[in-house]
Amino acid sequence: MVEREPTGDDLPPHADDKKGGAKSDAEAFGAPEDDGLLQGRIINFAQFNSNFTAPDAMFGVGGQQTTTRRKATGWVDAAEMDSTLKCYVHPRPCFDRAAAALEDDKVVVLTAPSGSGKRAGALALIRGFIEDDRCVVLSPDSTLDELAKREFQTGLGYVLLDRRNEPLAEPDFAWRQVRDRLRADKAFLVVTTVHDLPANPETVQHIEWRTPEPKQVLEARLRGCEPTLIDEALAGLPGDCTLRDAVAVADLLISGVTPAEAWERQGGNAVQVVRKWFTEARTLSDYSAITTMAFAVGSNRRTFETLQKQLDDRLAPPEPKAAEPAELAAQEAKPKPEPAFAPVYDRRRVLKDNPLVATQELPAGTITRSVLVFADPRYRQWVLDELWETCGTPFWDAVRDWLTDVVAENTDELLELAIATGLAQLARTTFDEVMHSYLVPWASGRGRRACQTFAVQVLWCMCLDEDLAGAAVSVARDWIANGSVVQRSTAVVAFGGMLGVRFPHDAVKRLWHQVEFGGSVSAAAQEHLGYLFAALIECDEDATVVTELLRHRMRLQRRTAVTSKIKELTFQTVIGLLELLDWESEKPVCAIALAQQPAVTSELAELCARVLVFRPHRTEAKAALMKIVKALPETCSEPRLTAQRFGRALGLALPAQERQLLFDALHPRRDPRNDDLAGVFLLAVRKPEDEPNHE
């Protein structure tokens with residue numbers, strides 16, 4: 001069995017669930033019961049996942065260097081550490097200070113803004129102390145109290161990246177408890193945070209992390225290359241080069257790209273081009289066009305112009321009230337000031353003259369689509385930065401109302417993804433604006449239901465950005481732990497998709513709490529545990545984090561002979577997982593899991609066995625089981641071997657008398673509708689000790 005992180009303890013209950021008359025999940029979303037929210041959510045995830053990986057999609061969040069789908073927590077093995085620390089440059093003297101503190105206290109905190117190389121620094125620090133050549137990345141959601149109560153493995157290293165909760169005035173004794181726990185367990189912990197240094201760090205040292213010079217990073221990664229190549233690369237090094245830019249350029253140079261082209265690809269003068277555009281005299285139409293582009297990149301001209309017209313209407317000043325004749329005469333006598341924005345109505349001509357915008361032809365079957373994009377994809381982030389710096393509150397109020405209306409009425413999934421990634425990139429500039437003007441109102445039900453589910457899409461986009469992932473999971477954690485029923489429902493959907501893929505252990509812990517406590521969100525949480533399982537399979541991540549949780553909960557229920565509320569909820573959740581169908585193929589997700597992740601076989605078999613021996617759900621379990629087996633020819637390349645393997649695992653998990661009962665109930669001779677594959681499976685169930693037939 002592969003070691004993995006435990007899912008943690010349950011969270012405290014919610015006061016609002018204790019009151020009578022709780023709304024149903026559909027009512028909480030402001031929609032009728034039969035509106036199909038839950039099934040629609042998994043379809044949206046699959047579309048989100050496929051669209052985000054489309055090669056022609058213009059939806060990068062923060063640049064390719066910071067966008068990732070890998071699991072953000074859990075084990076980091078030697079191969080990943082080697083890749084991360086390849087040609088690593090130790091920033092002196094802060095690295096030495098941090099290493100000394102880690103040696104003395106077993107814990108140290110690194111503080112620096114996002115994108116400062118803290119993750120690589122934390123891994124480099126840990127690697128110098130651990131016995132095992134791997135470490136564990138903890139959730140950024142971890143509290144000091146949770147860390148103090150945790151049992152750390154002796155000699156193992158732990159990293160907690162981008163910790164965001166409890167930033168201010170943390171009591172020194174809380175850190176002392178964490179330090180003492182690590183000392184007692186003889187383990188090591190490096191914490192990184194974006195918050196400033198505390199005024200008087202006493203127990204645990206908080207060290208301001210310094211980024212290595214880009215020149216040093218470039219030289220280190222190009223060591224062994226031709227001297228002339230290194231000289232040309234250093235000559236093109238811009239003054240505002242970031243650490244990520246230096247790493248990306250070095251990788252391009254190693255792949256054979258020339259220094260001039262590498263610098264142009266990575267950044268060039270993108271910042272200067274955007275800033276120059278904003279310093280020149282601009283009309284209201286210019287501003288509305290570039291704002292529409294920032295949130296609707298990839299749209300065709302007709303859609304774009306319609307969206308811009310809607311924003312223009314929001315930005316236009318209100319019509320003045322009719323004045324009295326005397327007032328009109330006085331106004332005529334006054335000199336006319338120049339308007340702040342000259343009215344321009346030819347939107348297409350204005351857009352054509354905009355140097356920041358380009359047209360791109362994308363294949364769409366046998367034809368091509370002409371869409372509007374930024375001339376350089378990097379312009380998008382800088383445009384959002386400049387808009388935030390140069391436009392006031394009335395402008396952003398209009399943008400908020402405009403986007404809310406567009407989201408509520410939109411049916412185009414590509415436009416939906418463009419807006420979601422635009423808001424995620426805006427969050428890099430001003431997280432508070434995105435949080436308080438969009439996420440909180442939308443997730444709280446202030447608007448149409450589409451806005452609530454759209455808040456999930458924004459969180460999913462945010463969690464794909466290394467610099468925003470910790471913030472995204474903290475937002476969902478706060479909603480599910482302290483929010484209203486509607487906010488908790490929104491968080492449940494978020495944890496059932498990409499946010500759960502990035503933070504699987506956080507997701508199963510939060511979702512299970514909602515299942516176990518019952519109330520209005522329990523049914524949604526049961527289904528979204530299954531959706532998380534499907535999402536992990538689709539993204540090729542370890543799905544056993546879900547099955548292990550359910551196995552643990554099923555084993556706990558064996559101790560109770562009476563069918564309690566929590567026992568019934570547990571069995572309902574497992575049945576839901578066994579019956580869950582893939583949104584596209586309509587095949588059982590468990591059949592796909594058996595084919596793509598064989599490690600899940602024994603765990604699914606144990607879950608099936610537990611339900612089969614529980615008579616109230618035996619009929620449902622048998623039906624779901626046979627659907628899984630019958631779907632194997634369409635989900636895997638070796639259905640016979642897969643069926644045998646699954647059957648043997650199920651037979652070993654069942655008591656001996658239950659094996660024969662299942663065989664007699666489902667054997668092909670008793671039910672001719674079953675095919676030969678079902679017979680192979682059932683023979684393996686009845687005699688699991690027999691060697692499998694590999695023919």
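**View 1. Lys-106 lies in the loop between helix 4 and strand 2 (107–111).** Helices (H or I, at least four residues) and strands (E, at least two) are DSSP runs, numbered from the N terminus. The model is a predicted one: local features need pLDDT of at least 70, side-chain atom pairs count only at pLDDT 80 or more, and totals for chains, interfaces and linings use all residues. Residues are numbered from 1 along each chain as its sequence is written, and side-chain values use heavy atoms, with hydrogens and water left out. Lys-106 has a phi near 70 degrees, a positive value in a residue other than glycine. With a relative accessibility of 21%, Lys-106 is classed as partly exposed. Buried means under 20% relative accessible area, exposed over 50%, and partly exposed in between (1.4 Å probe, protein chains only).

**View 2. Lys-186 is in the loop between helix 7 (172–185) and strand 5 (188–193).** Its phi is near 55 degrees, again a positive value in a residue other than glycine. Is Lys-186 buried or exposed? The relative accessible area of Lys-186 is 56%, so Lys-186 is exposed.

**View 3. A cis peptide bond links Arg-92 to Pro-93.** The omega angle of this bond is about 0 degrees. Pro-93 belongs to the loop between helix 3 (78–84) and helix 4 (94–105).

**View 4. Helix 14 (residues 301–315) crosses helix 18 (residues 393–409).** The two axes come within 9 Å, and the crossing angle is roughly 140 degrees. Axes are lines fitted to C-alpha atoms, for helices over the stretch in contact, and angles run from 0 to 180 degrees between N-to-C directions. This angle makes helix 14 oblique to helix 18. Angles under 35 degrees count as roughly parallel, over 145 as roughly antiparallel, 65 to 115 as roughly perpendicular, and the rest as oblique. Helix 14 and helix 18 cross in a right-handed way. A crossing is left-handed if the near helix is turned anticlockwise from the far one by less than a right angle, and right-handed if clockwise. On the helix 14 side, the residues that meet helix 18 are Leu-307, Gln-310, Leu-311, Arg-314 and Leu-315. Their partners in helix 18 are Phe-395, Ala-398, Val-399, Asp-401, Trp-402, Asp-405 and Val-406. Contact means heavy atoms within 4.5 Å. Sorted by class, the contact of helix 14 with helix 18 holds 8 nonpolar, 1 polar and 3 charged residues. Ala, Val, Leu, Ile, Met, Phe, Trp, Tyr, Cys and Pro count as nonpolar, Asp, Glu, Lys and Arg as charged, and the others, Gly among them, as polar.

**View 5. Thr-306 is a residue of helix 14.** Thr-306 is partly exposed, and its relative accessible area is 41%. Thr-292 is 14 residues from Thr-306 in sequence, and their C-alpha atoms are 10.0 Å apart in space.

**View 6. Helix 28 (residues 565–579) packs against helix 31.** Their axes come within 9 Å and cross at roughly 25 degrees. Helix 28 and helix 31 are therefore roughly parallel to each other. The crossing of helix 28 and helix 31 is left-handed. Ile-575, Leu-578 and Glu-579 of helix 28 meet Glu-620, Ala-621, Ala-624 and Ile-628 of helix 31. This contact of helix 28 with helix 31 has 5 nonpolar, no polar and 2 charged residues.

**View 7. Helix 31 (residues 618–630) also packs with helix 35 (residues 676–686).** The angle between helix 31 and helix 35 is about 115 degrees, and their axes are 9 Å apart. Helix 31 and helix 35 make a right-handed crossing. Leu-625, Met-626 and Val-629 of helix 31 touch Leu-677, Ala-678 and Phe-681 of helix 35. Which classes occur in the contact of helix 31 with helix 35? There are 6 nonpolar residues, no polar and no charged ones.

**View 8. Leu-650 is part of the largest nonpolar core, which has 153 residues.** A nonpolar core is a set of buried Ala, Val, Leu, Ile, Met, Phe, Trp, Tyr and Cys residues joined through side-chain atoms within 4.5 Å. Leu-423, Leu-499, Phe-533 and Leu-650 touch the most other members of this core. Leaving out residues up to four places away in sequence, Leu-650 touches Ala-605, Cys-608, Ala-609, Leu-612, Leu-625, Leu-662, Phe-681 and Val-685. Another core, of 28 residues, lies apart from the largest one and includes Val-108, Leu-110, Cys-135 and Val-190.
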